[in-house]
Structures are given as C-alpha cells and as structure tokens.
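Good morning, and thank you for joining.

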Protein chains: 2
Amino acid sequence: MLDGVETAQIYIERWAAAAGATGPCPVRDVLDKIGDKWSMLLVMTLAGGPKRFNELHRAVPDISQKMLTQTLRDLQRDGLVSRHVFDTKPPSVEYRLTRLGHSLIVPFGHLIEWANGSIRRIEAARKDFDAAR
Amino acid sequence: MLDGVETAQIYIERWAAAAGATGPCPVRDVLDKIGDKWSMLLVMTLAGGPKRFNELHRAVPDISQKMLTQTLRDLQRDGLVSRHVFDTKPPSVEYRLTRLGHSLIVPFGHLIEWANGSIRRIEAARKDFDAAR
DNA sequence: CAGCATCCCCAATGATACTG
DNA sequence: CAGTATCATTGGGGATGCTG
C-alpha cells in the first residue's frame, strides 16, 4: 500500500516525464480546465441534469454570453458535455454531461470537500502571515 | 448514501451560496490555486521532501525565478508550505509542506488519476470534434 | 544562494452590439 | 432562443538586471 508521499512521487514523476516528452502534459491539460473560471462551475451545474442555453445562463448569471458559449463549446470538444439541438421555433438547445463528464464529478468532489474543509485554516494562515508584515 | 449527482448538487448549492454571500467563494479560492501554472507542481515536488530554493528551481526548470519566489510566498501565506532560514553563509532556505499542504495531496491525487485515465478519451473526442468541422 | 525590482507582452475575459 | 462578431481591458507570467 502506498502512502501519500510515495503516491505523490509517482504522480510527479509521470507529470515530469510527460512534460519532458514531446507534446503537452495530460495533467497540465486537465488542470487548465479545472482552473479556468467557468468550466467546472458549468460541469457542476449540469451535474443536476440537462439544461438549455439560457437556463444555464440563469443558473450562472455572472458568466457573459460569450464565455458561456465558448466554455460550452470547449467542454463539448473535450467530450465532457454533449449538445442536442431540437428543431423547434424558436430553437432549443440542450446541454448534458456525457459519461466522461459525469465521471469527473467524483474526483472533483474530493477537491471541493478539501476546499470547504480547509478554507478556515487557510484564511487563518493568511491572517497570521499578513499580520507578521 | 449519496450518489454522484446528489453529491454534486450539494456542492453546487454551497458553491452558489458562497458566491452569493459576501466575500469570495472558498471553492473559487482554492480552484484558483489548483489552476495556476505552478502551485500544484511545486506542492507535488515538495511532496517528496523538503527542498531549498535552487533545488526547487532545478526540479522545475521551466519556472522563472520570479514566479518561483512568488508562488512559494503565496503557498506559505496560505499555510501550505513552511519556510525555514538557516543562518549559514551563503544563506540557505528550506521549503517544506505543512500538514495542511500534505493533506492536499490526497484529493489532488484523485484528480491526477482521473486526468491520466481520461486523457485518451479526451483527445479522441477533440479529434472527432475537429474532424466534424 | 536566495531573492527583489522593472519593464513588457499577450491570452483570457468582459462589454456591447448584432442575427438566424 | 441561442448564439456570432468586434473592441477594450487586465493581470498573469516571462526576461533581464541588480543585491545582501
């Protein structure tokens, strides 16, 4: 059984190896999505079930129309979200998580839990750090 | 027992609630660190044990000195990394993960595993998507 | 060795207006 | 309703040179 450190070592070696190899690192690749401003928020919103374009916009009011369109297209391109056009008038387009997109919820959930469980300690550390200056 | 979707719903509700509340969202806060270019790479590098400044720089050659300094300071400020100055000549400074920093490795590891396990499907999806244009 | 200070650039995001 | 197109902004990050 691997402990945290050994596991981390394996990860970092793969990470470094991928970075050194030709082509971009898969971890970097995925992390870029995790880190961007809207991708994960949309994924988590869609985790509740399929939604249409403006329905998503209402659920996430802060996002601009441009970024909503763009982020959805990127998620679709990566196979995390599927897009279904209904030939009604006016048009109706539904977005939903693919199986792959759905599978991301679990590992991402661990991160959310860590964030919610650690934020108090982080903020306390920041306060201490800033007070020391 | 909660399934993925219900769990996601709870997360997203907390997320949205935090966004609506005064002050920034803890998830957003943590995600910004996860997503930035160097934080997690340094955390994973330090997971192997304490390292000095230039030792870290050699381990992660791509990072600029400026960003190494800045990222380490931010990690220290958040209480993820501790900094130990040895009064030698020339000076020697050692960085190591705190207990909090170490605790991040586990949930982050799940994400790395997902990334490594999903990258083939993602790239295949991208290829399909681009071919359809 | 372990930084700090400056200048600079570009890619990500936003604001606004228009459309099938 | 579900987008597209264009312009403006900004701050993350790199390059370089200097220092205790």
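**The surface around the DNA**

Of the atoms of DNA strand C that lie within 4 Å of the protein, 59% belong to sugar or phosphate, and the rest belong to bases. Please bear in mind throughout that this is a predicted model.

Which residues come nearest to the strand? Of the 19 residues around DNA strand C, they are Lys66(A), Asn54(B), Thr69(B), Arg83(B) and Tyr95(B).

Let me turn to the phosphates. An N or O atom in the side chain of Arg83(B) is 2.5 Å from a phosphate oxygen of DNA strand C. Arg52(B) places a polar side-chain atom 3.5 Å from a phosphate oxygen of DNA strand C. As to secondary structure, the elements giving two or more residues to the surface near the strand are α5 (65-77) of chain A, together with α4 (53-59), α5 (65-77) and β3 (92-97) of chain B.

**How the two chains are related**

Chain B is superposed on chain A by a rotation of 180° with 0.0 Å of shift along its axis, at an RMSD of 0.1 Å. That is the relation of a two-fold axis. In chain B, the C-alpha nearest the axis belongs to Gly35(B), 1.7 Å from it. Moreover, 100% of the interface residues of chain B are also interface residues in chain A, so the copies meet through the same surface.

**Two helix pairs**

The first pair joins the chains. The axes of α5(A) and helix α6 (residues 99-131) of chain B come within 8 Å and cross at roughly 115°, which makes α5(A) roughly perpendicular to α6(B). From α5(A), the contact takes Arg73(A), Gln76(A) and Arg77(A); from α6(B), it takes Ile122(B), Ala125(B), Arg126(B), Phe129(B) and Asp130(B). These residues divide into three nonpolar, one polar and four charged.

The second pair is within chain B. Helix α3 (residues 39-46) of chain B and α5(B) have axes that come within 10 Å and cross at roughly 75°; α3(B) and α5(B) are therefore roughly perpendicular to each other. Ser39(B), Leu42(B) and Val43(B) of α3(B) meet Leu68(B), Thr71(B), Leu72(B) and Leu75(B) of α5(B). In this contact the residues divide into five nonpolar, two polar and no charged.

Key:
Residues are numbered from 1 along each chain as its sequence is written. Chains are lettered from A and ligands numbered from 1 in the order in which they are written. This is a predicted model: local features need pLDDT of at least 70, side-chain atom pairs count only at pLDDT 80 or more; totals for chains, interfaces and linings use all residues. Side-chain values use heavy atoms; hydrogens and water are left out. Copies are superposed by least squares on the C-alpha atoms of residues with pLDDT of at least 70 in both. Contact means heavy atoms within 4.5 Å. A residue is near a molecule or strand if one of its heavy atoms lies within 4 Å of it. A polar contact is a pair of N or O atoms within 3.5 Å; within protein, one must be able to donate a hydrogen and the other to accept it, and residues adjacent in sequence count only if both atoms are side-chain atoms. Helices (H or I, at least four residues) and strands (E, at least two) are DSSP runs, numbered from the N terminus. Axes are lines fitted to C-alpha atoms, for helices over the stretch in contact, and angles run from 0 to 180 degrees between N-to-C directions. Angles under 35 degrees count as roughly parallel, over 145 as roughly antiparallel, 65 to 115 as roughly perpendicular and the rest as oblique. Ala, Val, Leu, Ile, Met, Phe, Trp, Tyr, Cys and Pro count as nonpolar, Asp, Glu, Lys and Arg as charged, and the others, Gly among them, as polar.
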